[in-house]
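I have one model to go through this morning. Please look at the sequence and the structure first, and then I will start with a pocket.

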Amino acid sequence: MTHKVKAVDQRIDYAIILPVFFLVLIGFVSIYAATYHDYPQHMARMLIQQGLWILFGSVLAFILMFFKRSFLWKLTPYLYGLGLMLMVLPLLFYSPQLVAATGAKNWISLGSVTLFQPSEFMKISYILVMARLTVWFRQGKERSDLKADWQLLGLYALVTLPVMVLLALQKDFGTALVFFAILSGMVLIAGISWRIILPILLVLVLLLAGFFLVFLLPQGKELLYHLGMDTYKINRISAWLTPFDFSETIAYQQTQSMISIGSGGFRGKGFNVIDLPVPVRESDMIFTVIAENFGFIGSTFLLTLYLLLIYRMVRVTFELNNLFYTYIATGFIMMILFHIFENIGAATGILPLTGIPLPFISQGGSALISNLIGVGLILSMHYQHTLAKEAQSEKELRRSFKYQ
């Protein structure tokens, strides 16, 4: 029994666990500081909730670590189907107050109780199904040509379209961008020809440039509104382009965030010293707490932890030499990278606000548990690889004894 426990312990990738542990710890401490100043009457409840979500997500990650690749392969289509069904529920069960505040129907609510955000779990299901689809399509093909690449892109579109339609109905543009980032990573790693990728990129750049050209015209915002663009989206882009022109109204959150981050300076003001009000700093704007309390040094340490985590995940994929695992890791890395880039970019004013949480840091259960599930998948890759190496070594050892 002791030998078995020791063997399990040796198969765990602590180079993955340690950065995640410190990120979760920083998040918990930052949420404490935010709620201490903003919601002191709810602080105990919010910290207990966050602690329970961390515990639940960690248990799920630990269980997933023992999943074999074959079992994960078989489970993937069911997880994708379940994810799509769950994403329909926010369209039926939602809070009118929450929709009025955020402009999106992306949370399942029953009465006054908000339960969870299905799209966060759909991200993991989407990564798995895209990984399985890519491996299935590439199997048996000696080489990739333009026809095969277009066929694969068509399959990607079939899998992605239902998710995007549901996100459009939920009016959750920020989460749609995350799925697009995952899709982009899959397209690159799957070996799609640049003769296809470059024209698509050019079209997207031209469309984006055309959109901003229209947006900046004197009557451009009104035209976009009549074409169906939501008012809150127009306001967010306006607030991003010229934030201090709207610092008392639609850009209040973004300008306060930028001032808060700048006020932290190089070393920060010290733990739990918060002078500026920033709306929802416990979730979307949690980076402001870290920057104001610990300054440039604390922010750099946070980014270093993310870098170490991503570096280790990349190393694990190189060690495995398994395509299914490689595509899963690629999707998860793209998801984490985009969350970090968008959340910190929005907090510093580089990007418009989209309501995307900071991985392992922001307050909230759905995103945190989803991220920990992703970590569990990466741990599973290392665990199963180590297990296979042990079995191979044992087999070779028995063979050597047999011929002695």
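The second largest pocket in this predicted model has a volume of about 350 Å³, taken as the space filled by probe spheres set on grid points joined across faces, edges and corners. A pocket here is, on a 1 Å grid over the protein atoms alone, an open set of points where a 1.4 Å probe fits, with protein on both sides within 12 Å along at least five of seven lines; lining residues have an atom within 4 Å of a point.

This pocket has 17 lining residues, and Leu-79, Phe-121, Ile-124, Ser-125 and Ile-373 lie nearest its centre. Helices H3 (43-64), H4 (69-92), H6 and H15 (365-402) each give two or more residues to the lining; helices are DSSP runs of H or I, at least four residues, numbered from the N terminus. The lining divides into 15 nonpolar, 2 polar and no charged residues, with Tyr and Cys counted as nonpolar and Gly as polar.

Next, H6 (residues 118-138) and H14 (residues 323-347). Their axes come within 8 Å and cross at roughly 145°, with lines fitted to C-alpha atoms over the stretch in contact and angles running from 0 to 180 degrees between N-to-C directions. Ile-124 and Ala-131 are among the H6 residues that meet H14, contact being heavy atoms within 4.5 Å. The contact residues divide into 11 nonpolar, 3 polar and 3 charged.

Last, salt bridges: a side-chain nitrogen of Lys or Arg within 4 Å of a carboxyl oxygen of Asp or Glu. The structure holds 10. In one of them, Arg-312 meets Asp-13 at 2.9 Å, N to O. Arg-312 is in helix H13 (residues 286-320) and Asp-13 is in the loop between H1 (2-11) and H2 (14-38), 299 residues apart.

On conventions, residues are numbered from 1 along each chain as its sequence is written, and side-chain values use heavy atoms, without hydrogens and water. Local features need pLDDT of at least 70 and side-chain atom pairs count only at pLDDT 80 or more, while totals for chains, interfaces and linings use all residues.
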